[in-house]
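Please read these points with the model open beside you.

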Amino acid sequence: MDQILEILEGLHPEVDFETCRTLIDDKIIDSFDIVTLISDLSEEFDISIPVEEIVPENFNSAKAIHTLIERLLEDE
Amino acid sequence: MMQNNVLEYLENIVDKVPDKIAYADENNGATFKDVFDKSRAIGTFLSKQGYNKEPVVVFMGKHPDAIITFYGVIYSGCYYVPIDEEMPRHRIELIFQSLKPRAVICDADTINTIEKFDYKGNVYQYDDVIKTVVDESILADIRYRQIDTDPIYIVFTSGSTGIPKGVVACHRSVIDYIENLSDVLKINEDTVFGNQTPLYVDACLKELYPTLKYGATTYIIPKSLFMFPLKLVEFLNDKKINTVCWVVSALTMISAFGTFEKALPEYLRTVAFGSEVFPIKQFKLWKKNLPDARFINLYGPTECTGMSCYYEVNRDFELDEAIPIGRPFKNTDIILLDDEDKQPKPGENGEICIRGTGLTLGYYKNFEKTNEVFVQNPLNTSYPELIYRTGDLGRYNEHGELIFVSRKDNQIKHMGHRIELGEIEVVANMQPEIKSACCIFDELKKKIILYYVGDITKAEVASFLKQKLPRYMVPNMIEKLDNMPLTSNGKINRVLLKESYNRK
């Protein structure tokens, strides 16, 4: 979780990612960030995020991203 | 008779396909008849209010009504200035200071935003304005007096001094561009465009005007889809989109995430791209998955209306090669000039300079900046002839195709937007705690990095910049330094900053 927060804070240092649940809905993360975010996550956790997982539900909060990463790590 | 007004495109098509959808977003569509009737109502309204040959700001969301308003402003004999609804207040106020507009047209959402601005002129709401009864004689009179070198729009582009520059374009250059671009892209009445680029930059001319000329259809793709590739492809297929003119980063977003393994944009047959270098690895994925589509690289500055050169990909490229920008459109000429304003030897670099009807009129209320880049052709000593100096370096390859080499200055292309790093630095330096600021650009990872010295946290710097700069100009990474490295002349040492960045 800390690694995820660190990556997110690198993108937007002024956002409180621990509490925010509307990263996509409120356009905090937008198309400018998503490519960087996915490549940073893939590198950090050495996983590949399949395209069908790149949907709003999986990126709306740090927790949602965490759940996604956990699930992908288990599947490996 | 020779066409001398862009509105003739609309007038020629409306009787042929009145009920066909011209522009649509995910919710609403406007037919050619709607576009015709409503834009003429807007033109009548503005003229009756006494506006003539002056800028009218269009401050609306990204939907068909905004496009209709553009044409309405032209009907009134004025020129439209599209402003991004999401642009920060600081930047909008800078633009207003340069324009001093007497009229702004808003939609039901943006009208609440503008009330908070320091703007004393008139504000009109689209829904009210379109109720105006069209007055044929007023519109006919305006048309009779309009000439093809009258402006139709102003779009603002990044300025290195921190003040955006307004590029003014006229009927003549837009018609010249649309005719030649449509030929290259092979647009016809069956074309279905999927628009990605914002309405407040010249890039959207590629969809807006050919749609009128041929009675084609343009779908405005919701911005949010450019984060979610499968949903994006679904939208393209659902709307049977066959032509896209997108920035490279929008295309690579699809290919890099492995989208093609799950879904293909089945109707796409023309893929035009530009503004940035297309990484060949990603390009090959597109080519492999859409073997029958045409891929066309476009190149051109806002100052020459839209695009000036094109290259249709017709061979394979090595991973370290760049796709050429090719050759100029018909009725446009490219000349390369070296440091002594002479033509370089074949294969050598020179500044790309553009000659032709496509040149815009220059920068609004800024003769000084205009005269720096719209200059007498140094190769012509016999009569007045303007060229536009792009500041881009180019050369011809062994096939005689033009190649973009680099910029001569600190201008970058990021997510399709043209950005002066200097403008970001000027804004950062406006923060009272920041003592020194410098931006560099990581070409490979496409990241803007801001270095600063000052007693302030990164988070505070980020939120300050977000209030002042458009989203695409906000640095992707902010780093605090104890001291800014300087050159022997006392200037900030960009080279050193870049070197230490690359070592990390």
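1. Chain B has an open sheet of three strands in the order S24-S25-S26, with mixed pairing. Strands are DSSP runs of E with at least two residues, helices are H or I runs of at least four, and both are numbered from the N terminus. Two strands pair if DSSP finds at least two bridges between them. S24 and strand S26 (477-480) of chain B stand at the edges with a single partner strand each, so one side of each has no neighbour in the sheet. From one strand to the next, the twist averages 20°.

2. This is a predicted model: local features need pLDDT of at least 70 and side-chain atom pairs count only at pLDDT 80 or more, while totals for chains, interfaces and linings use all residues. Residues are numbered from 1 along each chain as its sequence is written, and chains are lettered from A and ligands numbered from 1 in the order in which they are written.

3. Look at the pairing. S24(B) and S25(B) run antiparallel over eight bridges. One bridge joins B:Ser436 to B:Val453 in S25(B). H14(B) packs on the sheet and touches S24 and S25 of chain B. The direction of H14(B) makes about 155° with that of S24(B). Helix H16 (residues 494-503) of chain B also packs there, touching S24 and S25 of chain B, at about 60° to S24(B). Axes are lines fitted to C-alpha atoms, for helices over the stretch in contact, and angles run from 0 to 180 degrees between N-to-C directions. Contact means C-beta atoms, placed from the backbone, within 7 Å.

4. Which residues of helix H14 (residues 421-429) of chain B are buried? They are B:Leu421, B:Glu423, B:Ile424, B:Glu425, B:Val427 and B:Ala428. A residue is buried if 20 or more other C-beta atoms, placed from the backbone, lie within 10 Å of its own, exposed if 12 or fewer, and partly exposed in between. Their cover includes strand S22 (411-414), strand S23 (417-420) and helix H15 (458-468) of chain B.

5. Chain B is assigned domain 1 (7-220), domain 2 (330-407) and domain 3 (415-502). These bounds come from an automatic or database domain assignment. Domain 1 and domain 3 of chain B have C-alpha centres 35 Å apart. Between them, 13 residues of domain 1 of chain B are in contact with 13 residues of domain 3 of chain B.

6. The largest nonpolar core holds 145 residues. Such a core is a set of buried Ala, Val, Leu, Ile, Met, Phe, Trp, Tyr and Cys residues joined through C-beta atoms within 7 Å. B:Val56, B:Val58, B:Val73 and B:Ile105 touch the most other members. Helix H3 (residues 64-75) of chain B gives the most to this core, with eight residues. Domain 1 (7-220) and domain 2 (330-407) of chain B both contribute, so the core lies between them. A second, separate core of 22 residues includes B:Ile419 and B:Tyr451.

7. The contact between the chains takes 16 residues from chain A and 21 residues from chain B. Helix H2 (residues 31-45) of chain A supplies the largest share of the chain A side, five residues.

8. B:Glu189 sits in the loop between helix H8 (171-185) and strand S9 (192-195) of chain B. B:Glu189 has 13 C-beta neighbours inside 10 Å, so this residue counts as partly exposed. Beyond four places in sequence, B:Glu189 touches B:Tyr214, B:Gly215 and B:Ala216.

Notes:
Contact = placed C-beta atoms within 7 Å.
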